[in-house]
Amino acid sequence: MTSVADKLRFEPTALPASLETLRAEVRAFLKEALVDVPVVTRSHSWEAYDAEFSAKLGAKGWLGMTLPKAYGGHGRSALERYVVVEECLVAGAPTAFHWVADRQSGPLVVRYGTEEQKQTIVPAITAGKACFAIGMSEPNSGSDLASLRTRAERTPSGWKVNGTKIWTSNAHRANYMIALFRTDPDPNKKHAGLSQFIIDLSKTKGITPRPIQNLAGGRNFNEVAFVDAELPPDALLGTEGQGWRQVTEELAFERSGPERYLSCFFLLRKLIDVVKDKASPATLARLGSQVAWAATLRTMSLSIAAKLNAGQDPALEASVVKDLGCQFEQNLPGLAQELCELEPTLAGHGSEYQQVLGSLIQVAPSFSLRGGTPEIMRGIIAKGLGVR
Amino acid sequence: MNEIQIMLEDTVNRLFGDRLGWDQLTAIEEQGFPTALWAETVEQGINKVLADENAGGMGVGWADAYPVLRACGRHAVPLPVAEAIIAEWLARQAGASLPDGVPGLLPGTIAASALGASTLKLDGTRTPWGRNADFLVGVADTGAGPELIIASSQGLHVAAEDNIGRDPRDTLSGNAAILGRHALPLPADCIHWLGALARSAQIAGAGAAALDLALKYGAERSQFGKPLSGFQAIQHYLADLAGVVASVDAICMAACVGLDTRGMAVEGRNARFEIAAAKCRASEAVEKLTRLSHQVHGAIGFTYEYGLHFLTRRLWAWRAEFGGAGEWGEYLGRVAVEVGGDGIWPTITA
């Protein structure tokens with residue numbers, strides 16, 4: 001007599017004492033390293049770009065933690081990495097420079113790269129000296145990623161690429177891009193015609209990023225034009241025609257982490273201090289409800305990390321946490337406004353709290369767009385429930 | 001889940017799965033306490049999972065008892081199983097043993113002034129299954145430390161009332177003869193917290209069952225030439241429901257593990273944080289669990305004949321019992337402002 005709920009259990013995870021030692025070290029390091037970082041920058045955390053900070057984190061041995069020592073990694077567990085990542089997010093550490101490299105590009109290169117690719121690229125990732133961009137979405141291919149059209153054709157000297165990628169964070173300043181291109185234009189091979197490539201952006205001609213300003217004035221993402229861009233033969237990552245399978249694995253890294261519920265945690269911290277002295281029981285109840293959500297999402301997120309650590313594939317669980325986590329983080333700025341009736345302000349005006357609110361309330365719509373929308377997540381969950 | 005948990009959950013599923021269909025649940029609502037089913041429950045030791053092994057119990061902890069509580073919610077069990085499990089655990093903590101029979105668990109904390117030399121004065125205490133109770137169990141704040149009070153249920157005035165789940169919630173008044181007093185190494189308000197945890201677990205179970213029914217109905221019922229669950233809007237309701245069920249389950253499990261490992265002292269970082277989070281989330285979740293499961297069912301789910309209501313009416317009742325989202329949210333809000341913005345994450349991760 002089974003229940004469908006049996007498929008979705010988030011067993012509590014007890015972290016070993018050694019991880020609490022690591023956590024204390026990370027907290028102490030971040031406290032000192034972030035002293036001079038402006039509060040609005042901190043509120044953006046994994047979207048705030050700071051190459052110097054990333055190099056410092058690399059020097060501590062806290063990047064590429066799970067990657068093999070043979071390539072400059074640290075051979076540590078996924079749970080150890082999880083502790084470092086969640087502490088960085090909550091502290092508001094500016095991690096955008098290394099974020100993608102540490103989260104997905106490093107593991108992807110280790111898994112599918114050639115020996116040479118691994119030797120060249122992975123040590124730079126673990127040192128915090130390689131910034132990666134993700135070349136997935138295109139102007140006409142968003143949620144329906146497999147409909148993408150940017151074409152990589154074989155040439156005598158390697159590959160020639162033509163097309164356009166969009167919403168590519170940091171393409172204008174990244175060292176590398178891992179991109180998904182169409183290598184077989186046969187319309188019957190929607191998924192099987194795709195392959196992944198790793199592109200050294202400093203050495204490749206014919207690639208032009210055009211920054212796209214977001215509604216808040218930020219310039220993180222780009223439209224990237226490929227015009228007869230020539231790639232060497234060894235730019236292919238993994239196997240030709242296996243791009244869809246590889247990118248699905250990459251998305252599992254992208255969707256399963258604690259950043260999917262912690263984007264506004266810095267605001268929650270500030271909000272608590274602002275309402276502290278004047279909170280009515282009703283205000284405390286609404287604040288406490290958010291604390292309950294945070295505690296719930298933490299236990300679920302940690303449970304996913306434990307499953308990854310045990311070599312399981314928690315793709316369904318990750319979709320659930322991304323969907324719920326997004327609701328939680330997207331709800332916070334509006335709730336903050338209701339609870340203390342302070343205007344959101346631009347950077348440099350108003351209190352620190354108002355500036356954090358002002359920046360996060362503007363970027364919050366992106367939380368349910370990046371890394372897969374709730375509509376896509378719910379489609380994946382429905383499939384897991386057997387109704388799709 | 002570990003082997004004990006799987007075994008216990010199977011036991012409860014086997015017992016109640018066969019005996020609590022629509023006919024039986026309806027009969028119980030019309031005819032009252034199912035004496036035979038209670039006897040079977042006792043025979044299988046389900047009421048005593050948390051009792052000491054020397055007292056005929058299983059002597060396990062809350063993490064292992066959790067699947068039992070959840071399964072009771074799943075089958076809309078119209079018996080004081082959760083109340084009995086709490087009472088037996090309290091007895092184990094106090095080194096006491098309980099009489100045989102149906103326990104009446106007194107919610108809240110008994111004031112010292114209500115304790116006479118040999119009687120306990122009840123002044124309108126709303127007690128689950130009070131009319132069926134063979135004895136009463138409560139916790140008193142005596143001034144000299146908390147005590148477990150075991151009292152007779154004879155000779156009391158019983159104002160019978162059912163909650164909207166149609167489970168008895170009777171108001172007891174009068175002087176109850178005290179059968180035993182035992183020093184209890186737990187805070188005096190422990191029944192309120194344990195009740196909140198048990199109701200959260202029942203909400204997780206009933207929510208999962210409502211989801212199962214919605215999935216089954218969505219696959220069977222066709223409109224516009226295809227099953228309801230072929231429509232994206234319905235798929236998204238079901239996915240949303242599944243996420244909410246899983247989230248309540250997750251925080252409940254964390255609270256049970258927390259209770260086993262950290263206890264529930266009034267001061268310090270202990271399982272009170274997770275228990276409050278569990279009941280706050282569970283009570284809040286009831287809104288979506290009931291609304292979406294009914295929406296997928298359409299009008300048929302609104303009929304008495306279908307039976308989704310055995311779950312959803314209990315969900316609405318349990319949402320408020322032992323404190324709702326407002327009370328538990330306020331508790332957590334006070335924790336948050338006490339530890340401050342810099343302290344909230346260390347509190348969550350402690």
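Author: Two residues are in contact if their C-beta atoms, placed from the backbone, lie within 7 Å. Keep that in mind; this is a predicted model.

Reader: Okay. How many residues of chain B are in contact with chain A?

Author: There are 48 on chain B, in contact with 44 residues of chain A.

Reader: Which helix gives the largest share of chain B's side?

Author: That is α7(B), with 16 residues of the side that touches chain A. Other helices of chain B supply at least two residues each, among them α1, α6 and α8.

Reader: How do the residues on that side divide by class?

Author: On the side of chain B that touches chain A, 25 are nonpolar, 13 polar and 10 charged.

Reader: Back to α7(B). Which helix of chain A does it cross, and at what angle?

Author: Helix α10 of chain A, residues 281–309. The axes come within 9 Å and cross at roughly 90°. An angle of 65 to 115 degrees counts as roughly perpendicular, so α10(A) and α7(B) are roughly perpendicular to each other.

Reader: Which residues meet there?

Author: From α10(A), A:Ala295, A:Thr296, A:Thr299, A:Met300 and A:Ser303. From α7(B), B:Ser247, B:Ala250, B:Ile251 and B:Ala254. By class, that contact has 5 nonpolar, 4 polar and no charged residues.

Reader: What span should α7(B) have, and how far apart are its ends?

Author: It has 31 residues, so at 1.5 Å a residue it should span 45 Å. Its end C-alpha atoms are 44 Å apart, which agrees.

Reader: And what follows α7(B)?

Author: B:Gly263, whose phi is positive, near 70°.

Reader: Is α7(B) largely enclosed or open?

Author: Largely enclosed by the rest of the structure, because 25 of its 31 residues are buried. Buried here takes 20 or more other C-beta atoms within 10 Å.

Reader: New topic. Which residues touch the most other members of the largest nonpolar core?

Author: B:Leu238 and B:Ala242, in a core of 241 residues. Helix α7(B) gives the most to this core, 19 residues.

Reader: Last one. Where does B:Glu327 lie?

Author: In helix α10 of chain B. B:Glu327 is partly exposed, because 19 other C-beta atoms are within 10 Å. The C-alpha atoms of B:Glu327 and B:Lys279 are separated by 9.4 Å, though the two are 48 residues apart along the chain.

Key: Residues numbered from 1 in each chain as written. Chains lettered and ligands numbered in written order. Predicted model: local features only at pLDDT ≥ 70, side-chain atom pairs only at ≥ 80, totals over all residues. Axes fitted to C-alpha atoms, helices over the stretch in contact; angles between N-to-C directions. Helix = DSSP H or I, 4+ residues; strand = E, 2+ residues; numbered from the N terminus. Parallel < 35°, antiparallel > 145°, perpendicular 65-115°, else oblique. Nonpolar A, V, L, I, M, F, W, Y, C, P; charged D, E, K, R; others polar. Expected span 1.5 Å × (residues − 1). Buried ≥ 20, exposed ≤ 12 C-beta atoms within 10 Å, placed from the backbone. Core = buried A, V, L, I, M, F, W, Y, C linked by C-beta atoms within 7 Å.
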